[in-house]
Amino acid sequence: MQNIFCWKQTKHVINVWMEEGVFRKLFLKAFSETKPFMQANFIAAFLFGIWHITMPIRSYVNGEMSFAAMVLMGIGYMLLAGIMGIKWGLLYRMTGNIWVGLGDHLFNNAVATNMLHVVSLKDADELQIVRIMAAQIISFAFVWVIHTYPTTNVR
């Protein structure tokens with residue numbers, strides 16, 4: 001059992017490195033060369049959102065959810081991943097590197113998404129996406145405020 005836990009955590013680290021490297025370091029940087037930053041960030045976040053519809057599609061193909069649930073979850077995951085992508089893009093812009101976004105992304109994937117579960121009477125974590133969405137919207141608002149209202153030197 002311990003080996004399974006270690007593999008899952010290693011998989012999260014590899015996944016986060018790949019996603020941040022591709023969507024922030026590669027796509028965001030490339031799009032920013034020809035477009036204003038916010039437009040480039042929205043495009044990279046949109047692609048990041050599309051990347052995440054594979055989870056509900058996989059669950060549908062495996063017979064774990066209905067077609068209607070797949071569509072609903074697909075839309076939810078695209079929106080959620082898009083919001084998170086915008087936030088991590090802003091963190092990339094604010095810091096000039098991917099480390100802060102990478103750390104936040106790793107925390108989200110490893111802790112908030114996969115370690116915190118609330119099991120219902122049906123033995124399922126039915127509100128996981130709601131919990132993650134609420135946490136990410138609060139986190140996004142915090143980053144947005146810091147990005148939008150830069151601090152001034154007060155003596």
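The protein chain contains six helices and zero strands, and its order along the sequence reads α-α-α-α-α-α. Of its 155 residues, 33% count as buried. The accessible surface amounts to about 10000 Å², and carbon and sulfur atoms make up 70% of that area. Among contacts with a separation of 6 or more, 64% are between residues 24 or more positions apart.

The mean pLDDT of the protein chain is 83, and 79% of the residues score at least 70. Confidence is lowest in helix 1, with a mean of 79, and highest in helix 2, with a mean of 96. Where pLDDT is low, the predicted coordinates should not be read in detail.

Helix 1 covers residues 2-32 and includes Thr10. Thr10 has a relative accessibility of 37% and is therefore classed as partly exposed, since this value falls between the 20% and 50% cut-offs. The C-alpha atoms of Thr10 and Ala110 are 9.6 Å apart, although the two residues are separated by 100 residues in sequence.

Helix 2 consists of 15 residues, 37-51, and the distance from its first C-alpha to its last is 21 Å, close to the 21 Å expected at 1.5 Å a residue. Its buried residues are Phe37, Ala40, Asn41, Ala44, Ala45, Phe48 and Gly49. An α-helix has 3.6 residues a turn, so residues three or four places apart point the same way. The buried positions of helix 2 include Phe37, Ala40, Ala44 and Phe48.

Helix 4 is followed by Gly96, which has a positive phi near 80 degrees.

A nonpolar patch on the surface is formed by Ile57, Tyr60, Val61, Phe67, Val71, Ile75 and Leu79, whose accessible area together is about 660 Å². Two elements, helix 3 (54-61) and helix 4 (67-95), each give two or more residues to this patch. Helix 4 supplies the largest share, with four residues. Leu79, a member of the patch, is located in helix 4. Leu79 counts as exposed because its relative accessibility is 53%, and the cut-off for this class is over 50%.

Terms used:
Residues are numbered from 1 along each chain as its sequence is written. This is a predicted model: local features need pLDDT of at least 70, side-chain atom pairs count only at pLDDT 80 or more; totals for chains, interfaces and linings use all residues. Side-chain values use heavy atoms; hydrogens and water are left out. Patches are made of residues with over 30% relative accessible area and no salt bridge: like charges are joined within 9 Å, nonpolar side chains (Val, Leu, Ile, Met, Phe, Trp, Tyr) within 5 Å. Accessible areas come from the Shrake-Rupley method with a 1.4 Å probe; for residues, only the protein chains shown count as cover. A salt bridge is a side-chain nitrogen of Lys or Arg within 4 Å of a carboxyl oxygen of Asp or Glu. Buried means under 20% relative accessible area, exposed over 50%, partly exposed in between (1.4 Å probe, protein chains only). The expected span of a helix is 1.5 Å times one less than its number of residues. pLDDT is the predictor's confidence in each residue, from 0 to 100. Contact means heavy atoms within 4.5 Å.
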